[in-house]
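Here's a quick tour for anyone meeting this structure for the first time. Have a look at it, and then we'll walk through a few spots together.

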Amino acid sequence: MDELQRLRSEIDLIDKELIELFEKRMGVVLGVAEYKRSHCADVLQSSREDEVLQKAVDSLKDKGYADCTKRLMVELMDISKDLQRKKIKQGVLLKEYDRRPLDINGKRGYYGDVGSNSQQAMIDFFGSDEGVSFSTFEDVFIALKNDDIKYGVLPIENSSTGAITEVYDLLRKYDFFVVGEQWQGINHCLLGVEGAKIEGIKEIYSHPQAITQCDSYLSGGKWKLIPYKSTASSAKLVSQSGDKSKAAIASIRNAKLYGLSVLAENIQSQYCNYTRFIVIGKHMLDSADSDKTSIVFALNSTPGALFNALKVFAKNKINLINIQSRPVENTPERYYFYVDLEYPCNSSKLNEALEYVAEVSSFFEVIGEYKKRSAQDK
């Protein structure tokens, strides 16, 4: 037997002892789980974990292995906590939601005037242009709260300018659910009344997001940029004004609806410019083919807390496709984290991962389960 084979054989014997000790340790862990269940104690005990790590390092003869030992013990404790949760916590932390199938004929509302991108997203999602327009994001939520509509359609993120933070805040404020999504290609145009010329434009109206999305084009002009309710509302305003010095950033569809001339086409800074719209409702969607989950949670402000919460998704090969943070009201340096996950929603693996995040969070809610759509599904 050469030296390498001898060393490998020695490692095999040590591994055998380790596995025997590991199995023995897991048996004791189950006893701990039973105790915690009978005493209604939390699985996560931070002070105990710190104590275990310190004892492990203190037991080393060669302190050069301290970092490796901590990594080993952290992984071992994570495995132990997972086993405890399966024993005593599974199905307890996640709510049983009142689920309803999508009512394709249910009354719906959308953000913006007739001709808005939200209306187009509603048409693409539901297959009909029947809907009620609302001038603000919160008006859509209020109408849903009052049962004036069954579903609301509004934008939540853009591929150029990112998250629409007000919508995230309203989702948590009203406790509604995301029941669907729709991606919409956004091509912005500069619109003016008949006879208007670009060189004569002094004021340009549009939604703040649209203005930002066209910043490269707009930076070369001497016009005044005036934020307004929505792109469609801006087109309507310019049309009603009859003023050749006013223009709106909106779609070609708005030009046709409001009798405006197209002064410039595709003025957005990024050629590939998409907005993601969400469909909201009062109840969680009941659908067997849902494969996207949206959650919101808050964590205690401790080092590594966010990493500790999110690592469970990587370990279980659950695709985390979006994360946004919003400040917790009246609490400096604390945040709500909004996360979108791509994985079959009826999977036990996903449920266990969500249970874990709920366990380590100070606040946790599932805010949607629905069918994922891509920009190509428009």
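At what angle do helix H5 and helix H6 pack, and how far apart are their axes?

## Helices H5 and H6

H5 (residues 137–145) and H6 (residues 165–174) pack at about 20 degrees, with axes 10 Å apart. Helices here are DSSP runs (H or I, at least four residues), numbered from the N terminus. Axes are lines fitted to C-alpha atoms over the stretch in contact, and angles run from 0 to 180 degrees between N-to-C directions. That makes H5 roughly parallel to H6 (angles under 35 degrees count as roughly parallel, over 145 as roughly antiparallel).

Who's touching whom? On the H5 side, it's Phe137, Glu138, Phe141, Ile142 and Lys145; on the H6 side, Glu166, Val167, Leu170, Leu171, Lys173 and Tyr174. Contact means heavy atoms within 4.5 Å. By class, this contact of H5 with H6 has seven nonpolar, no polar and four charged residues (Ala, Val, Leu, Ile, Met, Phe, Trp, Tyr, Cys and Pro count as nonpolar, Asp, Glu, Lys and Arg as charged, and the others, Gly among them, as polar).

## A word on the model

This is a predicted model: local features need pLDDT of at least 70, side-chain atom pairs count only at pLDDT 80 or more, and totals for chains, interfaces and linings use all residues. Residues are numbered from 1 along each chain as its sequence is written, and side-chain values use heavy atoms, leaving out hydrogens and water.

## Two buried residues

Gln119 sits in helix H4 (residues 117–126). Gln119 is buried, at 5% relative accessible area (buried means under 20%, exposed over 50%, partly exposed in between, with a 1.4 Å probe and protein chains only). Skipping neighbours within four places in sequence, Gln119 is in contact with Tyr110, Val114, Asp129 and Arg253.

Over in helix H9 (residues 231–241) you'll find Ser233, buried too, with a relative accessible area of 4%. Ser233 touches Asp113 and Tyr228, not counting residues up to four places away in sequence. The C-alpha atoms of Ser233 and Ser116 are 7.9 Å apart, though 117 residues separate the two along the chain.

## Helices H11 and H12

Now try H11 (residues 305–315) and H12 (residues 348–360): they pack at about 175 degrees, with axes 9 Å apart. H11 and H12 are therefore roughly antiparallel to each other. From H11, Asn308, Ala309, Lys311, Val312 and Phe313 meet Ala353, Leu354, Tyr356, Val357 and Val360 of H12. Sorted by class, that's eight nonpolar, one polar and one charged.

Note on methods
Parallel < 35°, antiparallel > 145°, perpendicular 65-115°, else oblique.
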